[in-house]
Amino acid sequence: MKLSTLITSSVLALAAAPALAQDKTINIAGFGASSGVVGIFGQNSGAAMAAAVEKINAEGGVTLADGSKAMIVTEYYDDRCNAEEGISVLRRIASTDALVAVGPTCSNVAEPLFGILQAKVDDAGDTGLQFPVFTDVAIKGGLAGISEWVFRNTPSEATMYDNLFAWIRETNPDAKTIYGGVEEDFAHSRFTWYSVMKTAAEAHGFEVVGEAQWLLNDTNFSNQARGMRRAEPDVVAISAHPFTTCGMLREMARQRVEPKVLVGLTSSSSLETLTGCANEAEGIIIPTSFAPVNDAAQEAADAVAAKGGALDLHSASAWENIMILRDVIEAAGVEGTAASLEEDRRKIRDGLAALTEVNGLLGANKRMPDGEAVKPYVFVDAENGKWEVLHNPGS
Amino acid sequence: MDYFFFIDLIQSTVDGLLFGTTYALIGIGFTLIFGVMRKLNLAYGAAALAGTYIGLVIYLMFDAHPALVFLASAIGSGAIGLIVYLCCFRFTPSDYPMASLLASVGMLLFIDEVVIHASHGLPYPYPSVFRDAIIEVGDVWVRGDLLFVFFMCVVAMAVLFWLLYRTPLGLATRAVSQQPRAAQLCGIDVTRVNMMTFGIAGILGGVAGAMTAAAVGVLSPVIAMGLTVKGLIVVVIGGLGSIPGAIIGGLLVGAAENIFLLLRGVTERDIYVMLLLFIFLTLRPGGLFGNAQTRD
């Protein structure tokens, strides 16, 4: 080989080296309900993940163990809020080069899905799937305890509602009674009323004077609202998703049920409720782990809006998850090669398990030993067709 | 029986009967198509919902008057009914009933998905009239909007009866329903009658969808499954092919649903409604007004 040829080849190789590094990719999969009646949750999460990935890649990507940079790629898989499809989707994701999955949307998917993962790491007798899952939306409490491969960045509803009812007690000292309304056939709604709201309300001295139940597909709420009207509660708490929340609120307005305080489910602090029944929802108070209250949160909201989504307490977690995973990938020394796939997944699991505090959009998020998170939150209420921050317990 | 329970019972029955008229309309749609073609159109509820969304689009885009929105919903649903006929019934072999049945199942899922994708599954406000009007009869409240729903459904049924029993189209429809071959021999265009039946049934479905959404004040894709299931229960109870049966069945299901809700709670309500369906299927498979009359 002539010297000139050797020099030319070397120069070309050196020039190509960064380009090759730039071609490296780290795959983070997203999954959840992006179709069906709760599809908006998955669509928002997908948009939030895509926006966060775009931001990271624009800043140069993630640094791998060998010092090279890799771009993050992401793809969102639809489980239609169906447990069987969720399990199938996760198995499919695990068969790709994805290092970690962010999802799912629905608690009724999360619970059985976490059950197929290895419960305890390094348990040779447990042949469950060894794949890290970092949940953004499915909010039913305590699910991370099912497997040590599960981590969640969902807010603690128990903490939020406990503080909300303490605040209501403080700001409305004459309010004594509460009436609950619950969408009986949806895991999250049910759990939140019976195990979270009701407990918190009683703990702060509210007397539960009645409960009304309805189903997700119901279109007639007159019986339920009549019970409420008769009980004349000071506080009404509605643990339901936007469609039936709107139906119930309309019926309450019709039957002139006028509580001093109206409390809603975390998942209803979204665009859906305002789209469906802004007038009837006026004044409803909901604790949420996201509101565009600072520059970073506003910037994230704008970036997600540019991707066609909306940032709410659920999709904000998807954004945060990508940012947290970027830090974990860099800190854990992920190699990002086909040969290191299993090892890299384990590094991400261990990296997530080792976290005690991370930066979130509203401030520091505490990471708990059981894989759950404790996140900052605010109380919002619907005012003139918009969610406005009513109280910030952290301020 | 204490006073409040008695009032609740009356109130539940009244609400159920008024709301039951929407079930009756859906039941009539199912039964009308079955009566003429002897085939079940399982996409009927979904088509009714899709038509209701057409009215919603008019409302959101032009802030249209509720009357116009209801009309657009009915006409839209009628048009979708025609599409369903052309896609699932017109060209499927008539000697394989399963072909059109399964095609209509596919169409149900297809329409449902299209609606969900187009609306992102979001609930949207749907206009209602007399929303805050209440007629108080002692301790029993009669909802103004439900009375309007009841009135609209009764008008729709009256128009249907006029069409069926006072017009040449109705005569042709009844002739096709009773003896399709004889009707054809008499020069009646069976395909045209079938198409008209789907169109008219679609319009009734659109009225039912619009009235359901108007009663709730919100339109969401979740309504579709309820319309389909309730419509089928109504026709089984009333008797497949019987229009009076569909009316009585609709009112019965509406009232039963509310009374079971009061007596047994929401988690058991549907069990009893399904039990009612099971009892009819077992003890009176022809329904209340079904007849064993066969045709060629």
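Me: How do you know that the span of helix H3 (residues 66-90) of chain B agrees with its length?
Reply: The expected span is 1.5 Å times one less than the number of residues. For the 25 residues of H3(B) that should give 36 Å, and the end C-alpha atoms are 34 Å apart, which agrees. By the way, this is a predicted model, where local features need pLDDT of at least 70, side-chain atom pairs count only at pLDDT 80 or more, and totals for chains, interfaces and linings use all residues. Residues are numbered from 1 along each chain as its sequence is written, with chains lettered from A and ligands numbered from 1 in the order in which they are written.

Me: What makes H5(B) and H6(B) roughly perpendicular?
Reply: Helix H5 (residues 144-166) and helix H6 (residues 168-178) of chain B pack at about 75°, their axes 5 Å apart. Angles of 65 to 115 degrees count as roughly perpendicular, therefore this pair gets that label.

Me: Which residues of H5(B) meet H6(B)?
Reply: Leu163(B), Leu164(B), Tyr165(B) and Arg166(B) do, facing Leu169(B), Gly170(B), Thr173(B) and Arg174(B) in H6(B); contact takes C-beta atoms, placed from the backbone, within 7 Å. These contact residues divide into four nonpolar, two polar and two charged.

Methods. Axes fitted to C-alpha atoms, helices over the stretch in contact; angles between N-to-C directions. Helix = DSSP H or I, 4+ residues; strand = E, 2+ residues; numbered from the N terminus. Parallel < 35°, antiparallel > 145°, perpendicular 65-115°, else oblique. Contact = placed C-beta atoms within 7 Å. Nonpolar A, V, L, I, M, F, W, Y, C, P; charged D, E, K, R; others polar.
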